[in-house]
Amino acid sequence: MMLLVVASNTLQLLAGWELVGLCSFMLIGHWWEEKENSNAALKAFFTTRFGDIGLLTGVVMTFFVVSRWAPNGKGTFSILDINNAALSGKVGHTLILLTALALLMGIMGKSGQFPLHTWLPDAMAGPTPVSALIHAATMVVAGVYLAARVYPIFWEGFNIGETMINPMVVVGGITIIAGAVLAFVQKDIKKVLAYSTISQLGYMVMALGAGAWTAAIFHLFTHAFFKALLFLGAGSISHSGSHHSFDMKKDMGGLRKSMPITFWTFMIGTGALAGIFPLAGFWSKDEILANAGNSGYQFFVYVGLVGAMLTAGYMTRCVYLTFFGKYRGHHHPHESPKAITIPLIILSILAIFSGFLYAAPF
């Protein structure tokens with residue numbers, strides 16, 4: 001992941017990208033003795049590989065984008081050169097457009113965008129800390145990070161500053177609604193959070209497609225805290241409340257009294273995800289919608305608002321089935337040990353205050 005983040009050229013970024021994908025494949029299939037888990041790992045591998053065909057093509061094409069711009073006619077894979085070339089006005093629009101479309105395909109695979117989103121819910125077969133780290137906060141946002149690093153390619157290729165619709169904003173908008181609607185019909189608490197992650201990744205991609213570059217990265221930042229908090233909260237519930245089950249309808253209910261720390265930290269994460277003021281998710285979502293409206297993407301402001309309402313709806317359902325009503329399990333629920341609750345408290349503090357880092361008038 002660090003190699004991917006600090007890469008100065010697209011070849012280094014590609015190496016980090018594929019190594020992270022390999023780690024994801026092995027961690028999803030961690031309990032390989034059960035065929036369902038092995039199948040989930042293979043599904044993730046093949047779906048993201050399909051997207052990576054586009055990424056590989058796009059990386060090769062960036063070399064030729066630079067060669068059209070460089071005075072000596074020689075191409076490079078340097079991200080700085082790629083961005084300068086895209087903004088120079090010396091490279092044909094068709095080449096930049098095709099490069100943007102190819103890279104978008106890679107983003108759709110890695111960041112779970114419609115229609116290549118199907119691998120992410122199955123990835124919940126991995127251990128819960130893995131879901132909290134790489135399937136909520138780091139690996140799945142690699143596509144958004146790639147788009148942000150070479151954003152001039154998308155800005156020029158899709159004419160983002162001049163149009164009211166483009167492939168990137170459409171893919172993001174569809175993903176917001178699709179992920180949120182699918183979250184409503186899940187009974188596995190981790191799959192609710194997985195579809196929620198898909199929906200929030202759609203927010204980030206839609207923001208990039210609407211010209212809200214800063215807002216997209218800010219939502220990437222805040223989302224890491226509250227979504228990791230929710231996944232670790234689900235792990236705490238499974239560990240101490242439902243005896244290793246994630247079924248909300250069969251093994252949960254009424255846990256707020258026996259698991260107060262888990263309950264209140266989960267509520268903070270839910271509020272941040274739903275965009276409730278003044279938690280972190282409010283500031284980043286508000287910034288996305290404000291920027292989209294100011295850039296002329298008015299329709300997608302409404303898409304974002306509908307997505308926010310759906311988010312509040314499916315998380316209310318999730319909280320009710322898990323913490324309210326009568327306990328439906330057959331065990332003796334109790335609060336998790338400090339090794340589990342302390343990280344929840346730390347992440348809940350970050351989910352409350354991290355939004356002010358950008359909201360403050362620096």
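**Close-up 1. Lining of the largest cavity in the predicted model.** In this predicted model, the residues that line the largest cavity are G21, S24, F25, I28, A44, F45, T48, R49, K110, W119 and M139. Two elements, helix 2 (10-28) and helix 3 (35-69), each give two or more residues to this lining.

**Close-up 2. Surroundings of S111.** S111 is placed in the loop between helix 5 (93-110) and helix 6 (119-122). Because its relative accessible area is 0%, S111 counts as buried. Leaving aside residues up to four places away in sequence, S111 touches V140, V141, A142, G143, V144 and L201. For one of these, G143, the backbone nitrogen lies 3.1 Å from a polar atom of the S111 side chain.

**Close-up 3. The largest pocket.** The largest pocket holds about 720 Å³ of space and is lined by 26 residues, of which M124, A125, G126, K190 and F246 lie nearest its centre. At least two lining residues are supplied by each of helix 3, helix 6, helix 7 (128-133), helix 11 (189-209), helix 12 (213-240) and helix 17 (338-353). Helix 12 provides the largest share of the lining, with five residues. By class, the pocket lining comprises 12 nonpolar, eight polar and six charged residues.

**Close-up 4. Confidence of the prediction at two helices.** Across the protein chain the average pLDDT is 89, and 99% of the residues score at least 70. Among the elements of the chain, helix 10 (residues 167-183) has the highest mean pLDDT, 94, whereas helix 18 (residues 356-359) has the lowest, 77. Where pLDDT is low, predicted coordinates should not be read in detail.

Terms used:
Residues numbered from 1 in each chain as written. Predicted model: local features only at pLDDT ≥ 70, side-chain atom pairs only at ≥ 80, totals over all residues. Heavy atoms only, no water. pLDDT = per-residue confidence, 0-100. Helix = DSSP H or I, 4+ residues; strand = E, 2+ residues; numbered from the N terminus. 1 Å grid on protein atoms, 1.4 Å probe; cavity = no way out; pocket = protein on both sides within 12 Å on 5 of 7 lines; lining within 4 Å. Buried < 20%, exposed > 50% of the residue type's maximum accessible area, 1.4 Å probe, protein only. Polar contact = N/O pair within 3.5 Å; in protein donor to acceptor, adjacent residues only side chain to side chain. Contact = heavy atoms within 4.5 Å. Points joined across faces, edges and corners; volume = space filled by probe spheres on them. Nonpolar A, V, L, I, M, F, W, Y, C, P; charged D, E, K, R; others polar.
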